[in-house]
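Good morning, colleagues. Please look at the structure on the screen while I go through its backbone, its helix packing and its salt bridges.

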Amino acid sequence: MSTQSPMPVPGGLRRWVDDVTVLTAGGSGERRPHVHLPDAATSLVLRTVSSRHADLLAVGPRTRASYHAGKEFPLCLRLRLRPGVARLLLGVPVRELVNQAVPVSELWTGVDGLSELGTDPGRLLAYLEPVLLARIATAAGTELARSELVRTAAEALTGRPERRREHMPVLARRLAVSERHLRALFADCVGLSPKRFERIARVRGVLARGGRPAPCWAQLATTAGYYDQSHMSAEFSTMMGVSPAAYFAGRLPPVQRC
């Protein structure tokens, strides 16, 4: 069974990377399905397929969960990018990456020698940091401004426990742009419409809070931003393939080929 562990985000990348996770293979015993959760973020995934081969993938936003049989692999290092950053790094509209995993070598050059770095996650991350920072340093000022605007909008749409999320018309006025322009920026820099971005954020809120013993589903629905429990159940089932109660009880959909 594989294990997942967080790593500190290097200081130089904190403005651009939300979190870093290491996934390593366990023993050869019984394996649980590996779940790819819905995620509005784009990630860079450095995967060592064997001791002599590694590749770097751009994994676009995922609109629905998928369930796969566990695999044996030495290491998988994931850098989950902040909203608006993927467009800067990859140089393509993020809407083209939705539900896709694309080798970074098909998007830009400059990532060489990955297979020679071994499987030490610290060494791999130290190699990637200057590569990514050099890529961002080439971005024009207008591109950086667009990225910052999208990041601000994403934070407002997600909301926080201490404050309510902002609605699009109010948010657009505060950011001094039209709603149409803001929606176009989201499609280009995040890959999703603001509405779908919000839906994924709500489902991830349920996933983060629902694993506690005997959760109160009605209270969880309100906390996660739903109108009521039935709204939460319908949206969760659409994205996860099963109801919240079934998911947290371990009754998952059949596994698929990765």
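Ala176 is placed in the loop between H4 and H5; helices (H or I, at least four residues) and strands (E, at least two) are DSSP runs, numbered from the N terminus. This is a predicted model, in which local features need pLDDT of at least 70 and side-chain atom pairs count only at pLDDT 80 or more, while totals for chains, interfaces and linings use all residues. Residues are numbered from 1 along each chain as its sequence is written, and side-chain values use heavy atoms, with hydrogens and water left out.

The phi angle of Ala176 is near 60°, a positive value in a residue other than glycine. Most residues other than glycine have a negative phi. Ala176 counts as exposed, at 69% relative accessibility; here buried means under 20% relative accessible area, exposed over 50%, and partly exposed in between, with a 1.4 Å probe and protein chains only. Asn99 also has a positive phi, near 60°. Asn99 sits in the loop between H1 and strand E8 (101–103) and is partly exposed at 42% relative accessibility.

I turn now to the packing of H3 and H5. How do their axes cross? They come within 10 Å and cross at roughly 100°, the axes being lines fitted to C-alpha atoms, for helices over the stretch in contact, with angles from 0 to 180 degrees between N-to-C directions. H3 is therefore roughly perpendicular to H5; angles under 35 degrees count as roughly parallel, over 145 as roughly antiparallel, 65 to 115 as roughly perpendicular and the rest as oblique. On the H3 side the contact (heavy atoms within 4.5 Å) includes Arg146, Leu149 and Val150, and on the H5 side it includes Leu182, Phe186 and Asp188.

Within this pairing, Asp188 and Arg146 form a salt bridge, at 2.6 Å from N to O; the term requires a side-chain nitrogen of Lys or Arg within 4 Å of a carboxyl oxygen of Asp or Glu. Asp188 belongs to helix H5 (residues 179–189) and Arg146 to helix H3 (residues 141–158), so the pair ties together parts 42 residues apart in sequence. Asp188 is buried, with a relative accessible area of 10%, whereas Arg146 is partly exposed at 31%.

The next topic is the nonpolar core, a set of buried Ala, Val, Leu, Ile, Met, Phe, Trp, Tyr and Cys residues joined through side-chain atoms within 4.5 Å. The largest has 37 residues, and Leu182 and Met240 have the most contacts inside it. H3 provides its largest share, 6 residues. A second, separate core of 35 residues includes Leu13, Ala54, Val94 and Val104. In soluble globular proteins, nonpolar side chains tend to be buried together. Beyond its neighbours within four places in sequence, Met240 is in contact with residues including Leu37, Tyr67, Val203 and Pro253.

Finally, I return to the salt bridges. How many does a search of the whole structure find? There are 16. One of them joins Asp18 and Arg82, with the closest N and O atoms 3.3 Å apart. Asp18 lies in strand E2 (residues 17–24) and Arg82 in the loop between strand E7 (75–81) and helix H1 (85–90), so this pair ties together parts that are 64 residues apart in sequence. Both are partly exposed, Asp18 at 34% relative accessibility and Arg82 with a relative accessible area of 26%.
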